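Q: I have a model open and want to learn how to read its features. Where do we begin?

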Amino acid sequence: MKYAFPEHFWWGSASSALQTEGQSQQGGKSATTWDHWYASQPYRFHQQVGPQDTSTFYQNWRQDIALLKQLNHNSFRTSLSWSRLIPDGVGEVNPEAVTFYNNVIDELLAQGIVPFITLFHFDMPMVMQEKGGWENREVVEAFSRYAQICFDLFGDRVLHWFTFNEPIVPVEGGYLYDFHYPNVVDFKRAATVAYHTVLAHASAVRAYRAGHYLGEIGIVLNLTPSYPRSNNPADLTAAHHADLLFNRSFLDPVLVGEYPADLVALLKEYDQLPACLPEDSALIADGKIDLLGINYYQPRRVKCRDSAVNPASPFMPEWLFDYYEMPGRKMNPYRGWEIYEPGIYDILTNLRVNYGNPRCFISENGMGVENEQRFIENGQINDQYRIEFVSGHLKWLHKGIQEGCHCLGYHMWTFIDNWSWCNGYKNRYGFVQLDLATQTRTIKRSGEWFAATAAQNGFNEEQ
């Protein structure tokens, strides 16, 4: 069977500034929260590999863009670094950063690759975090100014903008579960951070609309379908609560222009609502997007709690649900994540049925595997498991498109093995192998498969 995709489908991959550029405090760049955290607690990072050792895109951008071309990308998403572009967060623009980003954008376009640019991908400038980060509305205003500067500098050539990548992750990591700086565990502060992130998003969208730029603006959300253990009302309620907190807390504001009433009621019931100003609702309504990026890796399976909550414990999302391990689930054993291809179809169907079928694309989907050198054959990593992962998801994506979902593309995470936050280089995700010692880049078997798929705008079942 041939899986053919619509004309002008976006084939590509995604990355971020912090995970690829390297030169983390060179070229005029100031420290991010990651530089600061690594300096103070290097033992929290896998093999103590920090953000200064990422995949050298700052020096090798030309070679890497040539590889994107070789992989038949017609589009590629990366991010700009706020701390590289405006080192003190609010002041002068760093000319070296402007030159670098102009070079990258111009080279992508010269190679026929459409740049998709994210403004914020987890890399808060430390000077902004010292002011309270997203807990402080001053930082929201500074972000809005940074966005405006990016639109003015690059908006003549960049036609696809994204305010945030996975904005729920800094909320979860930094303010609930202690896997990002500032390592706070406090639901109310987390709710404030999430709320102010939505305001920052909306203020950037407002600035984009006011400037009448040529392109479109959106956001990238990691949508994780919440599947209940059973149809028992208690399990269904648990799944609904997980969906409200982890998906709809960002999805509804950016697509509908307001928060779900039941999310507001839920936070009110537990006295966790952030402080709101009267003008906020008009701002949020102005934050409706043109294009939604969807990152999908794994499902969330939930059930009702089997035990009572200790009322003296800090309020956490898990007061409202428990996690459930579905028997017989298919796993990526290296990452500990379930592989569930129909999830991608369920996300698209939900958007079509419940959100007016917005323009969207898969902005990340990927499989991290440890110690891939095991699979080297004739000098190349034979990652058949990654080909099966991608083709399995593309089949369900294809089904969604056949049923009318407005999905315009598929971007893999990521094109080259890159540094992954606290995991360093533990799990490799790339179509291209990176030798850390020599910085040599070698296309994996999956990269060849993807290049062929992009060239044919689809694939045959037997491949």
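A: Begin with the labels. Helices and strands are DSSP runs, numbered from the N terminus. The model is predicted. With those labels, Met-367 falls in the loop between β13 and β14 (369–370).

Q: How far apart are the C-alpha atoms of Met-367 and Cys-407?
A: The two residues are 40 apart along the chain. Their C-alpha atoms are separated by 21 Å.

Q: What does UniProt list for "active site"?
A: The UniProt record, an unreviewed entry, lists Glu-364. Such annotations may be inferred rather than shown by experiment. In the model, Glu-364 is found in strand β13 (residues 360–364). Its relative accessibility is 3%, so it counts as buried.

Q: How many disulfides does the structure hold?
A: A disulfide is a covalent bond between the sulfur atoms of two cysteines. This structure holds 0. Take Cys-360 as a case: it is in no disulfide, and the nearest cysteine sulfur, that of Cys-407, is 4.6 Å away. The cut-off is 2.5 Å.

Q: Are Cys-360 and Cys-304 buried or exposed?
A: Cys-360 has a relative accessible area of 2% and is buried. Cys-304 is buried too, at 19%. The cut-off is 20%.

Q: Which strands pair with β2?
A: Strands of a sheet pair through backbone hydrogen bonds, either parallel or antiparallel. Here β2 (residues 10–14) pairs with β17 (residues 407–413) in the parallel sense, over 5 bridges. Within that pairing, Ala-14 has Trp-413 as its bridge partner in β17. β2 also pairs in the parallel sense with β3 (residues 75–79), over 3 bridges. There, Ser-13 has Phe-76 as its bridge partner in β3.

Q: Which residues of β2 lie on each of its faces?
A: In a regular strand the side chains alternate between the two faces of the sheet. In β2, Trp-10, Gly-12 and Ala-14 are on one side. Trp-11 and Ser-13 are on the other. Both faces are covered, and 5 of the 5 residues of β2 are buried.

Q: What is the strand order in the open sheet of 3 strands?
A: The order is β7-β9-β10, with mixed pairing. β7 (226–228) and β10 (322–323) stand at the edges, and each has a single partner strand, so one side of each lacks a neighbour in the sheet. Strand β9 (residues 300–303) and β10 run antiparallel, joined by 2 bridges. In β10, Tyr-323 is the bridge partner of Val-302.

Q: Now a helix. What span would a straight helix of 23 residues have, and what does α10 span?
A: At 1.5 Å a residue, a straight helix of 23 residues would span 33 Å. Helix α10 (residues 233–255) spans only 28 Å between its end C-alpha atoms.

Q: Where does α10 bend?
A: At Arg-248, by about 60 degrees.

Q: What is found at the start of α10, and what follows the helix?
A: At the start, a side-chain oxygen of Asn-232 reaches to within 2.8 Å of the backbone nitrogen of Ala-234. After α10 comes Gly-257, with a positive phi near 90 degrees.

Q: How many residues of α10 are buried?
A: 17 of its 23 residues are buried, so α10 is largely enclosed by the rest of the structure.

Terms used. Residues are numbered from 1 along each chain as its sequence is written. This is a predicted model: local features need pLDDT of at least 70, side-chain atom pairs count only at pLDDT 80 or more; totals for chains, interfaces and linings use all residues. Side-chain values use heavy atoms; hydrogens and water are left out. Helices (H or I, at least four residues) and strands (E, at least two) are DSSP runs, numbered from the N terminus. The expected span of a helix is 1.5 Å times one less than its number of residues. The bend at a residue is the angle between axes fitted to the seven residues ending there and the seven starting there. Buried means under 20% relative accessible area, exposed over 50%, partly exposed in between (1.4 Å probe, protein chains only). A polar contact is a pair of N or O atoms within 3.5 Å; within protein, one must be able to donate a hydrogen and the other to accept it, and residues adjacent in sequence count only if both atoms are side-chain atoms. Two strands pair if DSSP finds at least two bridges between them.
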